[in-house]
Structure formats: structure tokens, C-alpha cells
Amino acid sequence: MREAGRLVGKAHALVRDMIAPGITTAEIDLAVEALFEKHGAHPLFKGVAGKVPFPAVCCISVNEQVVHGIPGTRVLVEGDIVKVDTGCRLDGWCGDSAWSYAVGQIDPLGQRLMKIGQENLELAIREMGRRERWSEIASLMEKHVREAGFSVVEQFVGHGIGREMHEDPQVPNFVSKQLLRQDFKIVPGLVLAIEPMVNAGTKSVRILRDHWTVETKDKKPSVHFEHTVAMTESGPVVLTDGT
Ligand code: MG
Ligand code: MG
């Protein structure tokens with residue numbers, strides 16, 4: 001899983017270098033596809049079943065789009081917030097990571113949203129080494145976002161990951177009755193894709209007619225940060241940060 005995660009981290013390093021005004025989201029997707037192919041890795045997103053199979057290697061979602069955006073001819077412009085989510089399977093094991101990128105200079109609201117979103121992921125990873133159960137962490141994540149005046153997306157959550165991209169348990173970024181029923185212990189051997197989605201306005205989202213793209217109902221911006229994180233005897237280890 002470390003090797004698969006490392007390659008996903010490498011994909012994000014590539015994306016980070018490419019993000020600039022004038023580039024299309026399809027160009028970013030093709031570059032990641034070529035990287036995975038070069039390393040003999042299987043892209044996990046392409047062909048995922050839905051009303052139409054997901055057509056690309058990355059989900060690329062811009063501004064009010066939350067997750068699952070389809071790469072295409074859209075040209076990035078100064079001030080955009082771009083979320084790139086991708087994953088691969090290498091030698092039978094999966095890695096999954098998403099990051100939010102600023103295109104040039106973004107507005108102060110976007111900057112604060114990016115900061116809170118990234119802090120939220122970092123907080124979750126840090127607390128994995130200190131807490132007994134996931135609900136304790138989800139509660140802290142939810143509090144962090146609420147105090148900033150933002151909202152946590154509830155319709156999409158993180159997940160266990162291993163030989164498959166989506167494994168049990170579900171890993172929500174907020175506390176609910178369902179989580180309290182399905183709460184789990186943070187124990188060595190557990191590997192999670194932790195992926196808070198934070199909205200500037202309402203938590204409500206809708207799916208566009210392309211059957212995939214999720215956007216905020218109030219069209220305010222959203223950010224998404226995800227790492228694949230392994231719990232070990234000596235604490236949490238991030239597998240997808242490129243190290
Ligand atoms: Mg992902
Ligand atoms: Mg994921």
C-alpha cells in the first residue's frame with residue numbers, strides 16, 4: 001500500500017506543477033493516466049459503475065463542484081479552486097488521494113476555506129494517534145468546520161481501503177446516529193481514506209445531469225482533501241503524501 005500510495009502522491013506532485021490558468025482539466029487527467037500507465041498501475045476511477053461509467057482517471061471538480069467532476073474541455077482560470085481526486089492499484093493494493101489547488105490568486109473566502117479544509121484532514125490524521133474511536137475524531141472535525149462558519153458535506157464520506165478502493169468501514173467527517181451504531185476502534189492495521197469535504201455555505205449538494213458531478217446547492221465553493229492513512233503500532237502513517 002505504501003508503493004501504491006507513493007504513486008498517487010507522485011500524481012499529485014505532477015498535478016500541482018501543471019495547475020495554472022489556461023490548462024484544461026482533460027490535460028491534467030491525461031497526464032495522470034500516462035503516469036499510472038508508465039508505472040504499470042491500474043487506475044481505479046475509470047469505468048466505475050454508475051448510470052454511465054466514470055470516463056476518466058481523475059475526478060476534477062472546480063469551485064462549486066464538490067466531488068466527481070468529469071475532466072474535459074473546461075479551461076482553468078485565475079481564481080479557480082480545483083479539486084483533483086485520483087487513485088490507483090499497484091501490485092494488488094490501492095491508494096486514493098484528493099487535494100484542492102488554487103489557480104493563481106484566489107479570493108480571501110477561498111483561501112480561508114482551503115486552510116480550514118486542509119487543517120481538518122491534518123487534525124484527523126493527528127488525532128488517529130490519540131483517540132480510541134473514529135466518532136471522537138469525526139466530532140472534532142465537525143467542530144473545527146462549524147467554528148469556522150463552514151459546513152461539512154454529509155452525503156459523501158471516507159472509507160476503508162486495501163485490495164479494493166472502497167472497503168468497510170465508512171469514515172464520515174461528522175457525527176450521526178448511524179456513525180454511533182457503526183463506530184469503530186482505531187487499531188494498528190486499519191487503513192483509511194480520510195476525505196473531508198468542506199463547503200463555504202450550505203452542506204446540501206446535488207448531482208448534475210452528467211450523472212456524476214456533485215455541486216453545492218447554493219453554488220458557493222467547496223474544498224476536498226484526502227489521504228490514505230495507515231494506523232501502525234507507532235501511530236498513523238500517511239501513505240499518499242509522496243514521501
Ligand atoms: Mg479519492
Ligand atoms: Mg476516497
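Mentor: A definition comes first: a pocket here is an open set of grid points where a 1.4 Å probe fits, with protein on both sides within 12 Å along at least five of seven lines. Please also keep in mind that this is a predicted model.

Trainee: What volume does the largest pocket have?

Mentor: Its volume is about 560 Å³.

Trainee: And which residues are the closest to its centre?

Mentor: Those are Phe156, Val157, His159, His166 and Glu195, out of 31 residues that line the largest pocket.

Trainee: Which element gives the largest share of that lining?

Mentor: Strand 8 does, with 4 residues. At least two residues each come from strand 7 (158-160), strand 8 (167-171) and helix 5 (177-181).

Trainee: How many of the lining residues are nonpolar, polar and charged?

Mentor: The lining of the largest pocket has 14 nonpolar, 10 polar and 7 charged residues.

Trainee: Now the sheet. What is the strand order in the open sheet of 3 strands?

Mentor: The order is 3-12-11, and the pairing is antiparallel.

Trainee: Why is one side of strand 3 and of strand 11 left without a neighbour in the sheet?

Mentor: Strand 3 (65-67) and strand 11 (205-207) are at the edges and each has a single partner strand, so one side of each lacks a neighbour there. On average, neighbouring strands of this sheet are turned by 40 degrees against each other, direction ignored.

Trainee: How many bridges join strand 11 and strand 12?

Mentor: Strand 11 pairs with strand 12 (residues 214-216) over 3 bridges, in the antiparallel sense. Opposite arginine 206 stands glutamate 215 in strand 12.

Conventions
Residues are numbered from 1 along each chain as its sequence is written. Chains are lettered from A and ligands numbered from 1 in the order in which they are written. This is a predicted model: local features need pLDDT of at least 70, side-chain atom pairs count only at pLDDT 80 or more; totals for chains, interfaces and linings use all residues. Side-chain values use heavy atoms; hydrogens and water are left out. Two strands pair if DSSP finds at least two bridges between them. Axes are lines fitted to C-alpha atoms, for helices over the stretch in contact, and angles run from 0 to 180 degrees between N-to-C directions. On a 1 Å grid over the protein atoms alone, a cavity is a set of points where a 1.4 Å probe fits but cannot get out, and a pocket is an open set with protein on both sides within 12 Å along at least five of seven lines; lining residues have an atom within 4 Å of a point. Grid points are joined across faces, edges and corners, and a volume is the space filled by probe spheres set on the points. Ala, Val, Leu, Ile, Met, Phe, Trp, Tyr, Cys and Pro count as nonpolar, Asp, Glu, Lys and Arg as charged, and the others, Gly among them, as polar.
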